[in-house]
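Here are some questions a careful reader might ask, each with an answer that sets a value against the definition behind it.

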Amino acid sequence: MVIKSISESKWRWLVFTVLFGLIPILLRLLVSTLITGDERIPALAPADFIAFGIVLQVSIFNEMRYHDLNDVLWKQLMNGFSTLLILIYGTLYVLVLLTEIIHSINLTAILCISTTLSAVSFLLCLVVYDRMTIASTLGE
Amino acid sequence: MNALIIAFGIIVALAGICLAGWSYIDTRKKYYYEFMKRKSANEKFPLS
């Protein structure tokens with residue numbers, strides 16, 4: 001069974017962080033599918049992916065805070081990269097806001113980058129939770 | 001401007017993928033050897 005092979009903390013993270021973080025994206029997809037007519041809502045928006053990425057990165061910070069791992073280098077690398085990603089998400093959000101007055105900024109490029117970066121954030125979260133699970137099982 | 005955003009995004013995404021890969025391998029190496037050292041009959045290496 002897939003559910004049995006996933007540890008409890010990972011399962012909780014998948015439901016409470018990933019699913020709740022995906023709510024804006026899923027709702028936009030649902031609404032854009034339901035609305036028919038000339039005026040349509042775009043199915044994907046960079047702001048939703050930026051919010052999802054920030055939620056994932058904050059969950060990494062939270063998990064690091066409450067797990068006392070001895071591995072300082074790994075912890076510093078993950079914290080540092082999470083901070084960098086949060087800064088980039090902030091910058092991307094500013095760019096999304098600027099597209100309303102500066103039309104030369106390409107919104108599609110920002111959408112592509114924010115989607116890719118949120119996928120990378122998801123990958124990093126998986127790796128972090130993997131280590132936390134193994135470390136706590138072995139009693140570190 | 002747009003090219004700069006795309007280039008920077010790709011570089012950060014690649015760095016993130018590399019970091020995730022390194023962390024995954026490091027976790028497997030570090031904790032597998034830790035487990036092998038203990039080698040208890042009841043303990044299983046948690047792969048999930």
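Q: Which residues is A:Val128 in contact with, leaving aside its neighbours within four places in sequence?

A: In this predicted model, A:Val128 is in contact with A:Ile60, A:Glu63 and A:Met78, once the neighbours within four places in sequence are left aside. Each of these counts as a contact because the C-beta atoms of the two residues, placed from the backbone, lie within 7 Å.

Q: Why is A:Gln57 called buried?

A: A residue is called buried if 20 or more other C-beta atoms lie within 10 Å of its own. A:Gln57 has 23 other C-beta atoms within 10 Å, and therefore it is buried. The place of A:Gln57 is in helix 3 of chain A, and leaving aside the neighbours within four places in sequence, A:Gln57 is in contact with A:Ser82, A:Leu85, A:Ile86 and A:Ser121.

Q: How many residues apart along the chain are A:Gln57 and A:Phe81, and what separates their C-alpha atoms?

A: The two residues are 24 residues apart along the chain, and their C-alpha atoms are separated by 9.3 Å. For chain A in general, residues 24 or more positions apart account for 70% of the contacts with a separation of 6 or more.

Q: Which residues of helix 3 of chain A are buried, and what covers them?

A: Among the buried residues of this helix are A:Phe49, A:Ile50, A:Phe52, A:Leu56, A:Gln57 and A:Ile60. What covers the buried residues of helix 3 includes helix 2 (8-34), helix 4 (72-98) and helix 5 (107-137) of chain A.

Q: What makes the pattern of chain A α-α-α-α-α?

A: Chain A has 5 helices and 0 strands, and reading along the sequence gives one α after another in the pattern α-α-α-α-α. The secondary structure of chain B comes to 1 helix and 0 strands.

Q: What makes a group of residues a nonpolar core, and which residues have the most contacts inside the largest one?

A: Such a core is a set of buried residues of nonpolar kinds, such as Val, Leu, Ile and Cys, joined through C-beta atoms within 7 Å. The largest has 29 residues, and those with the most contacts inside it are A:Ile60, A:Leu92, A:Leu124, A:Cys125 and A:Val128. The elements that give two or more residues to this core are helix 3, helix 4 and helix 5 of chain A together with helix 1 (2-38) of chain B, and the largest share, 13 residues, comes from helix 5 of chain A.

Q: How many residues does each chain bring to the contact between chain A and chain B, and how does the side of chain A divide by kind?

A: The contact takes 27 residues from chain A and 20 residues from chain B. On the side of chain A, helix 5 gives the most, with 15 residues, and the residues of that side divide into 18 nonpolar, 7 polar and 2 charged.

Methods. Residues are numbered from 1 along each chain as its sequence is written. Chains are lettered from A and ligands numbered from 1 in the order in which they are written. This is a predicted model: local features need pLDDT of at least 70, side-chain atom pairs count only at pLDDT 80 or more; totals for chains, interfaces and linings use all residues. Helices (H or I, at least four residues) and strands (E, at least two) are DSSP runs, numbered from the N terminus. A residue is buried if 20 or more other C-beta atoms lie within 10 Å of its own, exposed if 12 or fewer, and partly exposed in between; C-beta atoms are placed from the backbone. Ala, Val, Leu, Ile, Met, Phe, Trp, Tyr, Cys and Pro count as nonpolar, Asp, Glu, Lys and Arg as charged, and the others, Gly among them, as polar.
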